[in-house]
Amino acid sequence: MTDLSQPSVQPVAQPAAQPVAQPAAGPGAQPGQSAASVPPPLWLLAELTYRCPLHCAFCYNPLDYTDHHRELSTAQWLDVLRDARALGAVQLGFSGGEPLVRDDLEVLVEEANRLGFYTNLITSGVGLTEQRLGALKAAGLDHIQLSFQDSTQELNDFLSSTRTFELKQRVAAALKRHGFPMVMNCVLHRYNLPHVDKIIEMALALGAEYLELANTQYYGWARENQAQLMPTREQLEEAEAVVARYRRTHGERCKIFFVVPDYFETRPKRCMNGWGAVFLGVAPDGAALPCHAARGLPGLALPNVKDTPLREIWYESDAFNRFRGLSWLKEPCRSCEEKEHDLGGCRCQAYLLTGDAANADPVCDKSPFHEQVVKVVQRAASAAGAEAIAAREQPILFRHDANSRRLAAAAREPGGDHGAQP
Amino acid sequence: MNDSTRAESATEASTQSGSEAALPLTIAKPFRLQWEAAQNAHVLLYPEGMVKLNQSAGEILKRCDGTRDLDTLIAELEQAFNATGIGTEVRAFIADAHRRGWLE
């Protein structure tokens, strides 16, 4: 798996028209900060495995994923699905790693469908044979999100460190034949932003109903490769103009999402739609995640579904309550009039750039650490001219087991630095 | 981690006209309508997203199951809720639902 799966729920998007007589007001309108006011999880991301045939340089999986390789069994996953559905989760993504390396995927999809989940397979396409497509359709899978790295074979294969481009093209055609709606996903960065028109053309040619153009978010492996991947402001502005043009001309055929490159913004994103508000991730080893990248936050003891009931994890665990709501906010967020809009931004970004996960997301220009973000962007701009030199000095670090073990070992040593090789 | 909240953009051009009013109303693929007890609401599910419906919208859309045309739907709602004169509002909602791509 390579892409950032972007759970995006619109929990309260209400149609404007309200024609029919309304009975008494809705339930669950308890005020205040009581536990009763914590909403249920709506989005379950089941990261079935960290195993993956691709080695993408921008993968959001943790650097030390090889330390967490003991995967939940089929029976344990079935329990997770039932418990999450009982809590109220309704959107379900099967992700990884590459979820197709689990041969029980069809069993899990079938049970998820029976439980009433809207199911999504988030895949690189590797292993998605005609036979498995048929079995997944029969099991009730609702849609498929297929990742590409670029519109060109050369760059797709380089960025994933594999030869998969033609395979992905074949898989895209096959999954359309089987009647699956397709979300095409492409992570954007300095190397492929200039191809965004070609990427959109490819999505249209392959019949994708949705195209997710996700600017790289700098966590996990992407953070390690930030110097290479960070685009320039000019690249982004050009790409955004292209996206806007295609939305006007082809918006009905294919809905194009453009995940904002937040290092170039002055206000942070409303990360995860709120911590512990919508999203519940479960990692391959059973660790419960308030966000995809939560594993990288120090001092956050992640509860595990193997020893703690999911209900307790969601409502009572320290990990899910740590940044829930607004009461944990520090200045400048605490007194900020925009706090309810962005909820302080991204915790992982705050940690990575300021050293404290409870700080304001430094993307915000009200943060005293905003200069850190500006510097990263400036470095990218100055490096653009000397790209070839920089690339030689610091080769891209591909996501594979040997690099993961090396990084995990280095992190265990006090003060140890990375020793990974590309 | 990133999570962009996607605004519902109803960009689909309105192609519905009065001449289609007699066709049975059906939820369009890939949307799926279902009741969610945890939210005490009907929701419309689609790839990467969900729309929580208010009660009125839920009552209308749950009847869009391919067995009723618009006039029948309105008559049924008026009977179910002991109301009259809701036709204009229901038609406006159905037109909006078409624009959003929720209905075939």
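This is a predicted model: local features need pLDDT of at least 70, side-chain atom pairs count only at pLDDT 80 or more; totals for chains, interfaces and linings use all residues.
Visitor: At what angle do helix 2 and helix 3 of chain B pack?
Guide: Axes are lines fitted to C-alpha atoms, for helices over the stretch in contact, and angles run from 0 to 180 degrees between N-to-C directions. Helix 2 (residues 70-80) and helix 3 (residues 87-99) of chain B pack at about 130 degrees, with their axes 10 Å apart. Under 35 degrees counts as roughly parallel, over 145 as roughly antiparallel, 65 to 115 as roughly perpendicular and the rest as oblique. So helix 2 and helix 3 of chain B are oblique to each other. Their crossing is right-handed, a label for the near helix being turned clockwise from the far one by less than a right angle, with anticlockwise being left-handed.

Visitor: And in chain A, how do the axes of helix 6 and helix 9 cross?
Guide: Helix 6 (residues 196-206) and helix 9 (residues 233-250) of chain A have axes that come within 9 Å and cross at roughly 30 degrees. That is why helix 6 of chain A counts as roughly parallel to helix 9 of chain A. The crossing of helix 6 of chain A past helix 9 of chain A is right-handed. From helix 6 of chain A, A:Val196, A:Asp197, A:Ile200 and A:Leu204 make the contact, facing A:Ala239, A:Val242, A:Val243, A:Tyr246 and A:His250 of helix 9 of chain A. That set holds seven nonpolar, one polar and one charged residues.

Visitor: What order do the nine strands of the chain A sheet take?
Guide: For the bookkeeping, helices (H or I, at least four residues) and strands (E, at least two) are DSSP runs, numbered from the N terminus, and two strands pair if DSSP finds at least two bridges between them. In chain A the open sheet runs 7-6-5-4-3-2-1-8-9, with mixed pairing. Strand 7 (255-259) and strand 9 (288-289) of chain A are at the edges with a single partner strand each, so one side of each has no neighbour in the sheet. Inside that order, strand 4 (residues 143-148) and strand 5 (residues 182-188) of chain A run parallel, joined by five bridges; there, A:Gln145 stands opposite A:Val183. Strand 1 (residues 43-47) of chain A also pairs in the parallel sense with strand 2 of chain A, over five bridges, and A:Leu44 has A:Leu92 as its bridge partner.

Visitor: Which residues of strand 2 of chain A are buried, and on which side?
Guide: Count neighbours: 20 or more other C-beta atoms within 10 Å of a residue's own means buried, 12 or fewer exposed, and in between partly exposed, with C-beta atoms placed from the backbone. A:Gln91, A:Gly93 and A:Ser95 are buried on one side of strand 2 of chain A, and A:Leu92 and A:Phe94 on the other. Five of the five residues of this strand (residues 91-95) are buried, so it is largely enclosed by the rest of the structure.

Visitor: Where is the place of B:Thr67?
Guide: B:Thr67 lies in the loop between helix 1 (55-61) and helix 2 of chain B. With 11 other C-beta atoms within 10 Å, B:Thr67 is exposed.

Visitor: What pattern does chain B follow along the sequence?
Guide: Chain B reads β-β-β-α-α-α. Its three strands form an open antiparallel sheet in the order 1-2-3. Strand 1 (32-36) and strand 3 (49-52) of chain B are the edges, each with a single partner strand, so each has one side without a neighbour in the sheet. Neighbouring strands of this sheet are turned by 30 degrees against each other on average, direction ignored. Strand 2 (residues 41-46) of chain B pairs with strand 3 of chain B over four bridges, and B:Tyr46 stands opposite B:Gly49.

Note on methods:
Residues are numbered from 1 along each chain as its sequence is written. Chains are lettered from A and ligands numbered from 1 in the order in which they are written. Two residues are in contact if their C-beta atoms, placed from the backbone, lie within 7 Å. Ala, Val, Leu, Ile, Met, Phe, Trp, Tyr, Cys and Pro count as nonpolar, Asp, Glu, Lys and Arg as charged, and the others, Gly among them, as polar.
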